[in-house]
Each structure stands twice: as C-alpha cells, then as structure tokens.
Amino acid sequence: MSERLYKADSAGMEKAVAEMNLLKYSQSGQQLASEFLARRDEMQRTALAALREGNPGLACQVVCEFQDALGFPEIPMFPTKPNLADVSSVFSVRPRILAGVNEEALEHLRVAAGMAFLGLSDHRLPENLETGIRLAGPAAVNMIIGTVQNGRNVELWRRSGLVRTVKIFCSADGPCVACAELRNRVWPIEELPEIPYEHCTSPQGCRCGCVADLIEG
C-alpha cells in the first residue's frame, strides 16, 4: 500500500515526510530551549538570593557552574567568568557621590551592581526605590560599578610600581563643570580623587574614568 502511494505521488510523500521530520526536530529544539531557559532562570534566582544574603562567593560559584555546563571554552584573553573580587567589592565600597543614600536603598543598589558583575545585568531594581539623592536607581548602580572598576585599576597600578601618575578622562558628550576641572591634569596616584567624582552634577552621574601614565625608561 505504501509503495503504491509513493509511486502515485512521490513528491507529495517526500514533502510530507520532510515536514514530519521538521516537526520532530522543531519539538526537540523547543524542549531543549525550554530546559535551557529553566536552568538559566534557576541559576539567576540562586545567584540573586546569594547576593541578597551577602554571599558573593556562592553567587559566583553558581554562575561559573552554569557556564561550565554549557561547555564553552574559557579564553584567557577574554574571560567570561565573573571576578569574585569585583562582586565582593560592591558590598564594601561606599562611593562619596552616593552620600545620602539610606542603607536599605544602598543594599538594593549593591545587589544590582553585583548582578551586573556576574553578567546578569537584566536584574531590576524595585520600581518604588527612592535613593534619597538626585540620582535615580540605575545611575546610582553605575556609580558603584564605576567605583569598583576604577578602584581596582588604581590599586593594580599602585602595586605594579610602574605607575606614579594618572590622568582623568571625561565622557565624550561633555562633562559637568566640576568634572571638567579634573581633566587634562596629571595626578600623582596617591592624590587622585575618587572616581566617580563626588562633586559631579550630571543627571546621569559621573562618567569619568582613569588612565595610567607609565614611567618612561
């Protein structure tokens, strides 16, 4: 019977079989995608809970285990694993530009910054979060991230013994008056002001950064 049907309409039969295979593979792909998303969501929930409990080590561990399970190789020049020191630092820094933020709000900001350093930057702050200062929540989170990044770099330069002076660069779209006074100056590394700069008046927060001057010869 099947042979007679194939001879009568071979093209139609082949098309039907192909569509059946496509449906089978499509269903299998959807199942794999659903399983991946479920594992990813569970990883994100676990990492978030760990940060809220003040356990950055566990948060980094669950992210690294998830990434390892994917089987992608780690490239030394382009690390994808979270840096535990950075994630931990968000709970110890207190940027001067965030002076006035209450402790409850600061904890939310720190958790959000920690999620960003974990590579999970889609974490949302509470909708009704009030920082108590002129900066909104997302901008305040960036101030914590910037403080950790710049602080880490300056400390590495200091330890290297190769950097004695530092320059500050400002955002390409124009700094505020206070930040503009910092640029184009050579700062002894021990006298470098904290960046993000506490006196910045930009509504987006300070977007300055630091670049090292290497010792010649």
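Visitor: What share of the contacts with a separation of 6 or more is between residues 24 or more positions apart?
Guide: That share is 65% in the protein chain, where contact means heavy atoms within 4.5 Å. This is a predicted model, so local features need pLDDT of at least 70 and side-chain atom pairs count only at pLDDT 80 or more, while totals for chains, interfaces and linings use all residues. Residues are numbered from 1 along each chain as its sequence is written, and side-chain values use heavy atoms, with hydrogens and water left out.

Visitor: OK, and how many helices and strands are there?
Guide: The protein chain has 7 helices and 3 strands. Both are DSSP runs numbered from the N terminus: helices are H or I with at least four residues, and strands are E with at least two. Reading from the N terminus, the order is α-α-α-α-α-α-β-α-β-β.

Visitor: What percentage of the residues is buried?
Guide: Of the 217 residues in the protein chain, 34% are buried. Buried means under 20% relative accessible area, exposed means over 50%, and partly exposed is in between, using a 1.4 Å probe and protein chains only.

Visitor: Let's look at helices. At what angle do α5 and α6 pack?
Guide: Helix α5 (residues 103-117) and helix α6 (residues 137-160) pack at about 60 degrees, and their axes are 9 Å apart. Axes here are lines fitted to C-alpha atoms, for helices over the stretch in contact, and angles run from 0 to 180 degrees between N-to-C directions.

Visitor: What do you call α5 and α6 relative to each other?
Guide: They're oblique to each other. Angles under 35 degrees count as roughly parallel, over 145 as roughly antiparallel, 65 to 115 as roughly perpendicular, and the rest as oblique.

Visitor: Which residues make the contact?
Guide: On the α5 side they include Leu106, Leu109 and Ala112, and on the α6 side Val141, Ile144 and Val148 are among them. The residues of this contact divide into 11 nonpolar, 2 polar and 2 charged. For those classes, Ala, Val, Leu, Ile, Met, Phe, Trp, Tyr, Cys and Pro count as nonpolar, Asp, Glu, Lys and Arg as charged, and the others, Gly among them, as polar.

Visitor: Back to alanine 112: what is it in contact with, leaving aside neighbours within four places in sequence?
Guide: Alanine 112 is in contact with His123, Leu125 and Val141, with those neighbours left out. Alanine 112 has a relative accessible area of 10%, so it is buried.

Visitor: How many bridges join β1 to β3?
Guide: There are 6, and these strands run antiparallel. Phenylalanine 169 is opposite glycine 209 in β3. Strand β1 (residues 163-169) also pairs with β2 over 3 bridges, and there lysine 167 has valine 186 as its bridge partner.

Visitor: Last one: which residues does the cis peptide bond join?
Guide: The cis bond joins isoleucine 195 and proline 196, with omega at about 5 degrees. Proline 196 lies in the loop between β2 and β3. Asparagine 184 is worth a look too: it isn't a glycine, yet its phi is positive, about 60 degrees. Most residues other than glycine have a negative phi, and most peptide bonds are trans. Asparagine 184 counts as exposed, since its relative accessibility is 75%.

How values were computed: Pairing = 2+ DSSP bridges.
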